[in-house]
Amino acid sequence: MSSIILPGRRRGVRDKLSRLHWPLIILLSIIAGAGVVTLYSVAEGNWQPWAMKHGLRYLAALGVLIGIAMVPIRYWMALAYPAYFAALLALVAVPFIGEVNMGARRWIEFGGLQFQPSEAMKIGLVLGLARYYHGLRAEQVSHILYLIPPALMVGAPVGLIFIQPDLGTALLLAATGAIMIFVAGLSWRIGFLGVLGGLAAGYAAYRFDVLKEYQLKRITTFLDPERDPLGQGYHLLQSKTGIGSGGLTGKGFMEGTQAQLKFLPEMQTDFIFTVFGEEFGFVGAVSLLLLYLAVIYAGLSIAMQSKLHFARMMTIGVVGTFTLYVLINTGMVMGLAPVVGVPLPLVSNGGTVMLTIMAAFGLVMSAYVHRDQDMYRSGDL
């Protein structure tokens, strides 16, 4: 049977603004504020080159979030597949027209601006999978025939991103896809077989030299950073030293030696959590993690309140990606995960990632503003 969306009462802009999840916006703003403070410290008490830009980027991205939230969820549902395939097409184009930066071809220049298709795919994949599972019945989710399309939807962009090479983003997308497929109702048995398949694929990549030499070194360094303390292990050892030296309450704002004496590399991006932990200590680090936890809780709460299955799946996908960002970055700087270049959301410097995260939460906010929309099958009317 065909299905339609009943949008309910039309709402004006003012009414929609009043329905925004303002506690979530406040949480995101506090986290971004922590990023501004830390970037100011990294630059030795200067607003340039990172802190001022970070604050302005957040304000612009917040406008994008609110703008996306104003659009009814049914329109995002209609655009789900086009968004996915547009991002996939951009990824296909990267090897041919992409710009090389730091040894990797990941960027496309268009109209004088550069964008990273892999970032667009983080949203496109969530939308595409949410739209696909919206149209399935519960008993179809674990059927082998209905598992092929989502497997291809995840596998195609993961493969294209892996060869750029960008192992961190490839793993992030694969994990996001796995979360959404599992939450959609995949049986535990098939999920367990999927995990075994993933482990086997990882071993095969290691055994048959699929990974590049520097990627292999990141894994071996994670297991034993002392093996190369002045080379591949330097980043991780300095990071762990910085976090450990922060103690309970930290050394104080702009008093962290690892950052101020430039022992710590990539302080403004991948290892910014180390700077924060050294200056504000265990209390500060836990407080920041609790803010992230509150954002995750708010997102899951929005998912549970959404009547539309597409909105629930989309929100879970966004929250899952955000959670993975936090877990991978913080685990990486504490030596609990390999260094794969995943930034700390809303704290690390970087305009593209900031825009991606805020646009994704704009979709979550749209689900909340239009949470009373429901899906009825035509035969039920």
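Nine aromatic pairs occur in the structure, where rings of Phe, Tyr and Trp (its six-membered ring) are paired if their centres lie within 6.5 Å, and planes under 30 degrees apart are stacked, those over 60 edge-to-face and the rest tilted. One of these pairs is formed by Y132 and Y133, in an edge-to-face arrangement with 5.2 Å centre to centre and 80° between the planes. Y132 is buried at 12% relative accessibility, and Y133 is likewise buried, with a relative accessible area of 1%; buried denotes under 20% relative accessible area, exposed over 50%, and partly exposed the range in between (1.4 Å probe, protein chains only). The model is a predicted one, in which local features need pLDDT of at least 70, side-chain atom pairs count only at pLDDT 80 or more, and totals for chains, interfaces and linings use all residues. Residues are numbered from 1 along each chain as its sequence is written, and side-chain values use heavy atoms, with hydrogens and water left out.

F322 and F361 form an edge-to-face pair, with 5.2 Å centre to centre and 85° between the planes. This pair links distant parts of the chain, F322 lying in helix α14 (residues 309-333) and F361 in helix α15 (residues 351-369), 39 residues apart. Helices (H or I, at least four residues) and strands (E, at least two) are DSSP runs, numbered from the N terminus. Both F322 and F361 are buried. A single aromatic cluster is formed by Y40, W47, F253, F276 and F280. At Y368, the charged end of R371 sits over the ring, 4.1 Å from its centre; the criterion is that NZ of Lys or CZ of Arg is within 6 Å of the ring centre and within 35 degrees of the ring normal.

F322 and F361 also belong to the lining of the largest cavity, together with K122, I123, V126, V318, T321, Y325, T356, I357 and A360. A cavity is a set of points, on a 1 Å grid over the protein atoms alone, where a 1.4 Å probe fits but cannot get out, and lining residues have an atom within 4 Å of a point. The search of the whole structure finds one cavity of 30 Å³ or more, and the volume of the largest cavity is about 100 Å³. Grid points are joined across faces, edges and corners, the volume being the space filled by probe spheres set on the points. Helices α6 (117-134), α14 and α15 each contribute at least two residues to this lining. By class, the lining comprises eight nonpolar, two polar and one charged residues, with Ala, Val, Leu, Ile, Met, Phe, Trp, Tyr, Cys and Pro taken as nonpolar, Asp, Glu, Lys and Arg as charged, and the others, Gly among them, as polar.

M70 is located in helix α3 (residues 51-70) and counts as buried at 15% relative accessibility. Apart from neighbours within four places in sequence, M70 is in contact (heavy atoms within 4.5 Å) with V13, K16, L17, L20 and H370. The C-alpha atoms of M70 and H370 are separated by 8.8 Å, although the two residues are 300 residues apart along the chain. Q238, in helix α11 (residues 234-245), is buried with a relative accessible area of 17%. Residues up to four places away in sequence not being counted, Q238 touches Q258, F263 and L264.

Overall, the protein has 15 helices and five strands. Buried residues account for 48% of its 381 residues. Of the contacts between residues at least 6 apart in sequence, 73% join residues at least 24 apart.

Conventions. On a 1 Å grid over the protein atoms alone, a cavity is a set of points where a 1.4 Å probe fits but cannot get out, and a pocket is an open set with protein on both sides within 12 Å along at least five of seven lines; lining residues have an atom within 4 Å of a point.
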